[in-house]
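Please examine the structure shown below. The dialogue that follows discusses how some of its features may be read.

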Amino acid sequence: MIKVLFFASYRDRLGCDQLEVDAGVATVAALKEELAQRGELWKTILQDRKTLVAVNQVMTKDSASISDGDEVAFFPPVTGG
């Protein structure tokens, strides 16, 4: 299983802070595609190029490999002042 986490406004908008998916996806991009099938809001968030992603607490890109036991986190861009 892959543990998927959602933070900040993504958590609020999706009404979900975490879920688990089967480890049948090999990359972050494939995971995004699978999750986007849950509905239009999911698709909008996950296909936004500004969405940040971390695998096992390390910032990464959609091409990153994922496997059973990994943790993938999605969160909106961080701004500061």
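Q: How many salt bridges does a search of the whole structure find?

A: Side chains of opposite charge can pair when their charged atoms come close. The search finds two salt bridges, each defined as a side-chain nitrogen of Lys or Arg within 4 Å of a carboxyl oxygen of Asp or Glu. This is a predicted model, in which local features need pLDDT of at least 70 and side-chain atom pairs count only at pLDDT 80 or more, while totals for chains, interfaces and linings use all residues. Residues are numbered from 1 along each chain as its sequence is written, and side-chain values use heavy atoms, with hydrogens and water left out.

Q: Which residue forms a salt bridge with Lys 32?

A: The partner of Lys 32 is Asp 62, with the closest N and O atoms 2.9 Å apart. This pair links distant parts of the chain, 30 residues apart: Lys 32 lies in helix α2 and Asp 62 in the loop between β4 (58-59) and β5 (71-75). Helices (H or I, at least four residues) and strands (E, at least two) are DSSP runs, numbered from the N terminus.

Q: Is Lys 32 buried or exposed?

A: Lys 32 counts as buried because its relative accessibility is 9%, whereas Asp 62 is partly exposed at 32%. Buried means under 20% relative accessible area, exposed over 50%, and partly exposed in between (1.4 Å probe, protein chains only).

Q: Which residues of α2 meet α3?

A: Lys 32, Leu 35 and Ala 36 in α2 meet Trp 42, Lys 43 and Leu 46 in α3, contact meaning heavy atoms within 4.5 Å.
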